[in-house]
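Subject: Structure for you to look at, with notes

Dear colleague,

I am handing over the structure that I have been going through, and my notes follow below it. Please read them with the model open beside you.

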Amino acid sequence: MAKQESAAGDGLNDIERVDKEHVFGTWSYQKEVSPTQVVDADGVRFTTADGEEYIDFSSQLMCSNLGHSADRIADAVDEQMREAAYVSPGYTTENRAKLGEKLAEVTPGELSKTFLSTSGTEAVEAAIKIARFYTGKQKIISRYRSYHGATYGSISVTGDPRRLESEPGIPGTIKAPDPYAYGSTLDPMESVEYIDEMLELEGDTVAAILVEPIVGSNGILVPPEEYLPRLKEVAHDHGALLICDEVMAGFGRTGEWFGCDVFDVEPDIMTMAKGLTGAYQPLGATIVTPEIADHFEENMLCHGHTYAGHPAAVAAGRAAIDIYQEENLIERASEVGDYLGERIDELADRHPSVGDTRGVGLFRGIELTKHPEKRVPFGERADKISPGSTVVDEVSATAADQGTYVANMINTLIIAPPLPITEDEIDEAVDAIDAGLEVSDDAMEH
Ligand code: PMP
């Protein structure tokens, strides 16, 4: 939405201007940063300082899975902060113990013991170190179309262009091809056999294969049903672990608790953040099997943070999981997600610039193309981290003009609304995207 013109002529209000001056925008050319002040948020909607209201069709950064008015989480955090704002890692709280127990319950199979941190990045960082310590091997295979975090370890295993400025990163990271049927020359199942061959050629030196079971910010890539089971087999055949990064796909987004549940696969290590607290507090978690946990009985777990298991954050995580369970939000996401999928497919029928629609549950992507037969993306991919004003940004901006916030990355609209969204709210947001897609239709090659 166009911001109201200010005296300074930059379109920012006083708060936004102070913020721009004193706080870095992430992953951005700072001259392009233009923060918008949010003053209220309720249910699936939020309101900006200029009085405009938006449907949040991307749960902000694909993390506000519970929407914006889970008072029960706010109360749990408030209560904990008044009881004991902080205890050092050698002490514990009821919330920390109960959260650990809950995570063992809702995660697949045997996964049972959790390392707590404060972000998805740190959850991945811990997964890398645990895999290396446990196997005694160094290498991590991850895939090109992936994002796993911003610190040196996690950016080194990230495959997308965000890694480029930080290269060469940590040693021992290797990238593999992705299950991307629409845009890759390799068939998704061939890409697993390629990884099998990579492992063979690397000898017995690979600690783990790290994947997002359903790729998030790199375009909502859903592999075929047989892909993840085969990948686990390939990893184990070569003495490597399977790490599933569930930071974005976890906590009901897919209509299952976790992305790997869609394929009935139990990883050896799993990372979580975002939906873990519904974004009410920063919290990351890395859960492992009993076998891996046992290893650290006699071997030191050389890892930890001051705020590992911070009382306020674990209080939020525990309350959030209670809400997912008591309000049956996972089943609900599956049902409403089917409706969302139908509505998105209708958009694909109407708009020639929609190249592909993908997804499961409330985790969907609309990939744009300027030439449907040749599948040519709008804008460039490889060298662009923050591409400025490309066609996909204009589609999002037009949807915002119609009252819907929808994130995009790499030529794809990322649709991931809060789980409590209703069909009526979906209709409203889909209409806004419908208007946005007129822009990409007009920008096609003829
Ligand atoms: N892994 C995945 C799959 C992610 O989507 C993200 C964040 N988008 C991360 C890791 C990093 O999480 P955070 O930004 O909380 O550090």
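In which sense, left-handed or right-handed, does α12 pass α13? The crossing of α12 over α13 is right-handed, where right-handed means that the near helix is turned clockwise from the far one by less than a right angle, and left-handed that it is turned anticlockwise.

Before the rest, please note that this is a predicted model, in which local features need pLDDT of at least 70 and side-chain atom pairs count only at pLDDT 80 or more, whereas totals for chains, interfaces and linings use all residues. Residues are numbered from 1 along each chain as its sequence is written. Helices (H or I, at least four residues) and strands (E, at least two) are DSSP runs, numbered from the N terminus.

The helix pair

Helix α12 (residues 391-401) packs against helix α13 (residues 423-442) at an angle of about 145°, and their axes are 7 Å apart; axes are lines fitted to C-alpha atoms, for helices over the stretch in contact, and angles run from 0 to 180 degrees between N-to-C directions. On the α12 side the contact is made by V391, E394, V395, S396, T398 and A399, and on the α13 side by A432, I433, A435, G436, L437, V439 and S440, with contact taken as C-beta atoms, placed from the backbone, lying within 7 Å. By class, the residues of this contact are eight nonpolar, four polar and one charged (Ala, Val, Leu, Ile, Met, Phe, Trp, Tyr, Cys and Pro count as nonpolar, Asp, Glu, Lys and Arg as charged, and the others, Gly among them, as polar).

The two domains

The protein chain is divided into domain 1 (37-69 + 329-442) and domain 2 (71-326), with bounds that come from an automatic or database domain assignment. Their C-alpha centres lie 25 Å apart, and 34 residues of domain 1 are in contact with 30 residues of domain 2. On the side of domain 1 that touches domain 2, at least two residues each are supplied by α2 (59-62), α11 (329-350), β11 (354-360), β12 (363-368) and β15 (412-415), and that side has 16 nonpolar, 11 polar and seven charged residues.

The sheets

Strand β3 (residues 53-56) pairs with β13 in the parallel sense over two bridges, and the bridge partner of D56 in β13 is Y405.

The ligand shell and the backbone

The ligand is surrounded by 14 residues, of which S119, G120, T121, V247 and M248 are the closest; a residue is near a molecule if its C-beta atom, placed from the backbone, lies within 6 Å of it. Helix α5 (residues 120-135) gives the largest share of this shell, three residues, and the shell divides into five nonpolar, seven polar and two charged residues.

Finally, two backbone details deserve a look. A cis peptide bond, with omega about 10°, joins E167 and P168, and P168 is found in the loop between α6 (152-157) and β6 (173-176). M62, which has its place in helix α2, has a positive phi near 55°.

With best wishes

Terms used:
Contact = placed C-beta atoms within 7 Å. Pairing = 2+ DSSP bridges.
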